[in-house]
Amino acid sequence: MEALGRLVDICIGAAPVDLSAAAVTGKRVRLRDCGGLTIVVFKSAGTAGDDPTVTLRQHTAGSGGTSSTLPVIDHYYLKDATALAGTEAWTRIAQTAAATIADPGGAGTSAERQQIVVIEVEAAQLSDGYTHVSLDVADVGTNAQLGAVLYLRRDLTVQRAPAALVASL
């Protein structure tokens, strides 16, 4: 059996969009039947001063319900370059546990660079009664900067062929 459906399930967090058009509300993904979530944010280069900010949220339902921030991001991984070539190494960025990453890499120049940001969330980190998470991206400013978010549900407890995976949003 291949990894898709056995180890991971891939879901949309936010389709590719111009991050300067408006704030992006990430789709909610259920963490039932998996050990955790790997969140992948990837973005193009933009204009100085339009550094992105992402916020991790938890929810009691797939829609509606109660929502709150999830302040568990104490580190994340970053690939960062003027033009990503596939040769970049991952950098582990530590921070005080928070729900937000502002200016990934913290150099004040994240807007001007192409980036891949990876955030790991364990299902056990959700507060009691919370079942879903999402990642929001704040409006970056007035200049175009394309970005998207993918969710990789991992360590699946119920394994199926990809065509038989249950919708996780």
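Start at aspartate 155, which sits in strand β11, residues 146–156. Keep in mind that this is a predicted model. Check the backbone here: phi is positive, about 55 degrees, although residue 155 is not a glycine. Aspartate 155 is partly exposed, with a relative accessible area of 47%.

Next, show the side chain of arginine 154. It meets aspartate 155 in a salt bridge, 2.9 Å from N to O. Is arginine 154 buried or exposed? Arginine 154 is buried, at a relative accessible area of 12%, which puts it under the 20% limit for that label.

Glutamate 122 is partly exposed, with 35% relative accessible area.

Step to arginine 153 and bring in aspartate 9. They form a salt bridge, with the closest N and O atoms 3.6 Å apart. Aspartate 9 is in strand β1 and arginine 153 in strand β11, so the bridge ties together parts 144 residues apart in sequence. Look at the burial of both partners. Aspartate 9 is buried, at 8% relative accessible area. Arginine 153 also counts as buried, at 5%. The structure holds seven salt bridges. Side chains of opposite charge can pair when their charged atoms come close.

Move along β1 to isoleucine 10. Isoleucine 10 is partly exposed, with a relative accessible area of 47%. Select Leu4, Ile12, Phe42, Leu150 and Leu169 along with Ile10: they form a nonpolar patch on the surface. Together these residues have about 460 Å² of accessible area.

Now hide the surface and go inside. How many residues does the largest nonpolar core have? The count is 31, and Ile39, Leu56, Ile119 and Leu135 have the most contacts inside this core. Color the elements that give two or more residues to the core: β1 (8–18), β3, β4 (53–59), β6 (73–81), β9 (114–122), β10 (132–137) and β11. β3 gives the most, with four residues. In soluble globular proteins, nonpolar side chains tend to be buried together.

Center on leucine 135 and show its neighbors. Leaving out residues up to four places away in sequence, leucine 135 touches Gly26, Ile39, Val41, Val54, Thr55, Leu56, Ile119, Val149 and Tyr151. Two of these, Ile39 and Leu56, were named above among the residues with the most contacts inside the core.

Follow the chain back to aspartate 33, in the loop between β2 (29–30) and β3 (34–43). Aspartate 33 is partly exposed, with a relative accessible area of 32%.

Finish at alanine 97 in strand β7, residues 91–98. Alanine 97 is partly exposed, with a relative accessible area of 48%. Show its contacts: setting aside residues up to four places away in sequence, alanine 97 touches Pro71, Ile73 and Asp74. Then draw a distance line from alanine 97 to serine 67. The two are 30 residues apart in sequence and 19 Å apart in space, C-alpha to C-alpha.

Technical notes
Residues numbered from 1 in each chain as written. Predicted model: local features only at pLDDT ≥ 70, side-chain atom pairs only at ≥ 80, totals over all residues. Heavy atoms only, no water. Buried < 20%, exposed > 50% of the residue type's maximum accessible area, 1.4 Å probe, protein only. Core = buried A, V, L, I, M, F, W, Y, C linked by side-chain atoms within 4.5 Å. Contact = heavy atoms within 4.5 Å. Patch = residues over 30% accessible without salt bridge, like charges linked within 9 Å, V, L, I, M, F, W, Y side chains within 5 Å. Areas by Shrake-Rupley, 256 points an atom, 1.4 Å probe, with all protein chains shown as cover. Salt bridge = Lys/Arg side-chain N within 4 Å of Asp/Glu carboxyl O.
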